[in-house]
Structure formats: C-alpha cells, structure tokens
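Student: I would like to learn how to read this model. Where do we begin?

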Amino acid sequence: MEETNSDFTIRYMAKEDIDQILLIEQCSFPAPWTARSFLSELQNKFARYFVLIDQERLFGYAGMWLFAGESHITTIAVHPDYRSQKYGRLLMKLLIDCSIDYGADTMILEVRESNTPAIRLYSSLGFRKIGIRKNYYLETHEDAIVMLCSLKQDKKEEEDDEHAHQGGS
Ligand SMILES: CC(C)(COP(=O)(O)OP(=O)(O)OC[C@H]1O[C@@H](n2cnc3c(N)ncnc32)[C@H](O)[C@@H]1OP(=O)(O)O)[C@@H](O)C(=O)NCCC(=O)NCCS
C-alpha cells in the first residue's frame, strides 16, 4: 500500500522508519514506546501500521490491531511541527477505511482523560465514551477513557450504494 500526492506519501511502516518514529514518540508521549515495541508490532500479523512522509522527513504514524471483527487503535502521533494541519484526521480516516475493508464492526481505543486534542479528534469522527479504565497509565496514574466507534452504519451505507448501483445498471 502506498499513496503519494505532491505534499506527502502514506505507506506501511517499515523497520527503517523506527529511528525517526522514536523522535516523535519522545515528544508526544509520557511513556514512549521503544524500538523493540515497534519491531514486535511490525511482526504482529494482526497489526497494521502506517507512516506519513514528506520531502523532509517522516512526520506522522498510526496503527491498530485487527481481529475478531474489531479494530483496536494502538497509537497515533503527528510531529509537533505538523500538528493542527489535519494530518491526525487523515491518519484516523485511513485507519477507519482500513478497518471497514477488513470487515470490522467496531473500532475501540483508550485515551488519557487529559488529552483534549485527541478526544476532540476521535469524537469528531464518531467515537463515543463507553467507559473508564482506572489507573491505566501507570507512570502518571492517569485513567484512560475508552472510546468506541460503530462502523455498521458506514458498512450499511456502502451496501446500499452497491445495491443502488446494481439496480441502476
Ligand atoms: C492527537 C494528534 C494526533 C492530533 O493530530 P493533529 O494533526 O494535530 O490533528 P488535526 O489537525 O487533524 O485535528 C483534527 C481535530 O483534532 C482536534 N484537535 C487537534 N488539535 C487540537 C488542539 N490543540 N486542541 C483541541 N482540539 C484539537 C480538533 O477537533 C481537530 O479538528 P478541527 O481542526 O476541525 O477543529 C496530535 O495532537 C498528537 O500527535 N498528539 C500527541 C500524541 C497523542 O496524544 N496521540 C493520541 C494518543 S490516544
């Protein structure tokens, strides 16, 4: 999978990306993942990880696990210099499209209760709060908000479109 336009490229994450990803991790998360965490994710057959790259550098990434009809978002980050330019939304839409293609009915994620930018992003895409995981982030003793997005409506609209096209041909 690779999509390019004049400004950036989106493709699957590769081992060679990890050094650049770790720099973004350091300035994005209180408990950054290590190289080993990413290497292990790249070997996980249930995982899909994507990166965003421009002429200068890798500036964003996101990933998820796809299994049992569900998609579980594991990470998303955009380099601070590139934030508030809709790249986070672009990465989320990519994960949503990929989950629909896989046939997932729902998407689920955990987010720090203090992470307003991320919560707003997810809410604007149809995720809603379904619970709290107490003390989920051990290093800060913060609770996680669990958010879920149902993809059934999207799937139904796709099926309706397909039937409409078939009916019209
Ligand atoms: C969360 C994150 C990925 C958003 O990426 P981004 O590229 O800056 O976001 P976008 O420009 O696509 O913004 C999409 C929406 O997110 C919300 N948002 C983004 N930045 C925001 C901010 N600083 N304050 C409030 N809402 C914000 C808004 O709803 C925005 O929609 P709008 O522009 O129509 O108002 C980015 O802030 C990031 O990398 N944070 C550090 C890592 C992280 O916390 N990841 C989430 C872990 S659960």
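This is a predicted model: local features need pLDDT of at least 70, side-chain atom pairs count only at pLDDT 80 or more; totals for chains, interfaces and linings use all residues.

Student: How do S6 and S8 run, and how many bridges join them?

Tutor: Strands of a sheet pair through backbone hydrogen bonds, either parallel or antiparallel. Here strand S6 (residues 106-112) and strand S8 (residues 142-150) run antiparallel, joined by seven bridges. Take Arg112 as an example: its bridge partner in S8 is Ala144.

Student: In what order do the strands of the sheet come?

Tutor: Read across the sheet: S1-S2-S3-S4-S5-S6-S8-S7. These eight strands form an open sheet with mixed pairing. Strand S1 (2-4) and strand S7 (128-137) are at the edges. Each has a single partner strand, so one side of each lacks a neighbour in the sheet. On average, neighbouring strands are turned by 20 degrees against each other, direction ignored.

Student: Now the ligand. Which elements each supply at least two residues of the shell around it?

Tutor: Strand S5 (70-78), helix H3 (87-102) and helix H4 (116-124) do. H4 gives the largest share, six residues.

Student: Which residues come nearest to the ligand?

Tutor: Of the 19 residues around the ligand, the nearest are Arg83, Gly88, Pro117, Arg120 and Leu121.

Student: How does the shell divide into nonpolar, polar and charged residues?

Tutor: Eight residues of the shell are nonpolar, seven are polar and four are charged. Keep H4 in view: this helix lies across S6 and S8 and also supplies six residues of the ligand shell.

Conventions
Residues are numbered from 1 along each chain as its sequence is written. A residue is near a molecule or strand if its C-beta atom, placed from the backbone, lies within 6 Å of it. Helices (H or I, at least four residues) and strands (E, at least two) are DSSP runs, numbered from the N terminus. Ala, Val, Leu, Ile, Met, Phe, Trp, Tyr, Cys and Pro count as nonpolar, Asp, Glu, Lys and Arg as charged, and the others, Gly among them, as polar. Two strands pair if DSSP finds at least two bridges between them. Axes are lines fitted to C-alpha atoms, for helices over the stretch in contact, and angles run from 0 to 180 degrees between N-to-C directions. Two residues are in contact if their C-beta atoms, placed from the backbone, lie within 7 Å.
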